[in-house]
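Me: I am new to reading structures. Please take one part of this one and walk me through it closely.

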Amino acid sequence: MRFSAAVLRSYEDRFAVEEVHLNAGPADGEIVVKIAGCGMCRTDLAVRRSAGRSPLPAVLGHEGAGAVVETGGPHTGLRNGDHVVLSFDSCGHCRNCMDAAPAYCDSFASLNLFGGRKENAARFTDGAGDELAPRWFGQSSFAEYAVVPARNAVRVDPSLPIELLGPLGCGFLTGAGAVFNSFAAGPGDTLAVFGAGAVGLAAVMAATASGAVTVAVDRHPGRLALAERFGATPLHAASSDLPGRIRRLTDGGVHYALDTTASAQLINDALRALRPTGHLGLVARLHTTLPLEPGALDRGRRISHICEGDAVPGLLIPRLTGLWQAGRFPFDELIRTYPLADINEAEHDCEAGRVVKPVLIPEGRSV
Ligand SMILES: [Zn+2]
Ligand SMILES: [Zn+2]
């Protein structure tokens, strides 16, 4: 099978859209998906800074969605024509997978980021026959087709706009899952979101849908305006005494804070904005040690890392599409579509903060 894909050959190169070859069909338990759209996530772009850990050349993309065109074996639970949203990979049999916490799978890093599943030799190659890295997040969806473990595919209502649903498998799942699962925020609870990108704005939408009261901190006026539109009180990150302002807006401090910035300064501000027993969740990877101010965790305050919104994708993705249909999770307003051929422009716009969530559409079909 031959199809177009965006290949990254070195950490500095632009993506090159070229023909790739899939030299064997799906193995037992796998499916082939014709990609209708694939979101671009910060983790795709972070490969450039992975210092050799993420193998290249590779086809990235881990927010794919599309239609099943082939199934491997009788036990995938899916049929040709089913619409599916693809999410992160997990082994399915380690303790955390068995405990409904697949984002903390013992094999998460190797399956999604660095090693990949054991492949048949040279199953996925470029046009010259040279091997490509194993599937990124079990999918490699910056392409017309992806081969995926059926375990990572969530069937959705075919009346939904499938080309836009891919980010429900990672970025939007992360923000919304933090609110629904990690915090279990309810009516009247208070939340501060630091960084109003795709993850932070999904958290704002989920908090509003839960009846929680949100303050959103960012330095881009456009993103603050979006946060306000989705129900948050906007606060510029450069405001003086940010924690004090948040405490005054939330009757003494927030129950929950979500940091998407990895800024040590903002993480300490977030801790100072928490009420006693408050919970700060971190979703971005820290690149430096994190100094904590004395007393930052006093009185039951806690800090934890949150991966993929503590989500079981098969449960959370249908919940998010249901909320979207009810007009209560308008994630499509954060999306701008690009033909897959314009992936470098999408990356540029993403890095420059001109788009919250690019979604790449193969075959140049834009919506
Ligand atoms: Zn596992
Ligand atoms: Zn992601």
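Reply: Here is a close look at one strand, the metal site beside it in the list of topics, and then a few other parts.

This is a predicted model, where local features need pLDDT of at least 70, side-chain atom pairs count only at pLDDT 80 or more, and totals for chains, interfaces and linings use all residues. Residues are numbered from 1 along each chain as its sequence is written, chains are lettered from A and ligands numbered from 1 in the order in which they are written, and side-chain values use heavy atoms, with hydrogens and water left out.

Start with β3, which spans residues 30-39. Helices (H or I, at least four residues) and strands (E, at least two) are DSSP runs, numbered from the N terminus. Nine of the 10 residues of β3 are buried, so the rest of the structure largely encloses this strand. Buried means under 20% relative accessible area, with exposed over 50% and partly exposed in between (1.4 Å probe, protein chains only).

Now the pairing of β3. Two strands pair if DSSP finds at least two bridges between them. Strands of a sheet pair through backbone hydrogen bonds, either parallel or antiparallel. β3 is joined to β5 (residues 63-71) by eight bridges, in the antiparallel sense. Five bridges join β3 to β8 (residues 145-149), again antiparallel. Two bridges join β3 to β17 (residues 357-361), and these strands also run antiparallel.

Glu30 has Pro149 of β8 as its bridge partner. Cys38 stands opposite Gly64 in β5. Cys38 also stands opposite Leu360 in β17.

Next, follow the chain past β3. Cys41 sits in the loop between β3 and α1 (42-46). Cys41 (SG) coordinates the zinc ion (ligand 2), together with His62 (NE2) and Cys170 (SG), at 2.1 to 2.2 Å. Donors here are N, O and S atoms within 2.8 Å of the metal (3.2 Å for Na, K and Ca); water is not among the atoms, so sites may look incomplete. In sequence, the donor residues are spaced C-x20-H-x107-C. Cys170 lies in the loop between β9 (153-156) and α4 (171-182), 129 residues from Cys41, and the pair links distant parts of the chain. Both Cys41 and Cys170 are buried.

Contact means heavy atoms within 4.5 Å. Ala150 is in the loop between β8 and β9. Ala150 is buried, with a relative accessible area of 11%. Ala150 and Leu60 are 90 residues apart in sequence and 19 Å apart in space, C-alpha to C-alpha.

One more sheet is worth a look. Four strands form an open sheet in the order β4-β1-β2-β7, with antiparallel pairing. β4 (58-59) and β7 (124-126) stand at the edges, each with a single partner strand, so one side of each has no neighbour in the sheet. Two bridges join β1 (residues 2-8) to β4. Val7 stands opposite Val59 in β4.

Last, a helix. Seven of the 10 residues of α8 are buried, among them Leu266, Ile267 and Leu271. The buried residues of α8 pack against β10 (190-194), α7, β13 (254-259), β14 (274-282) and β15 (302-305).
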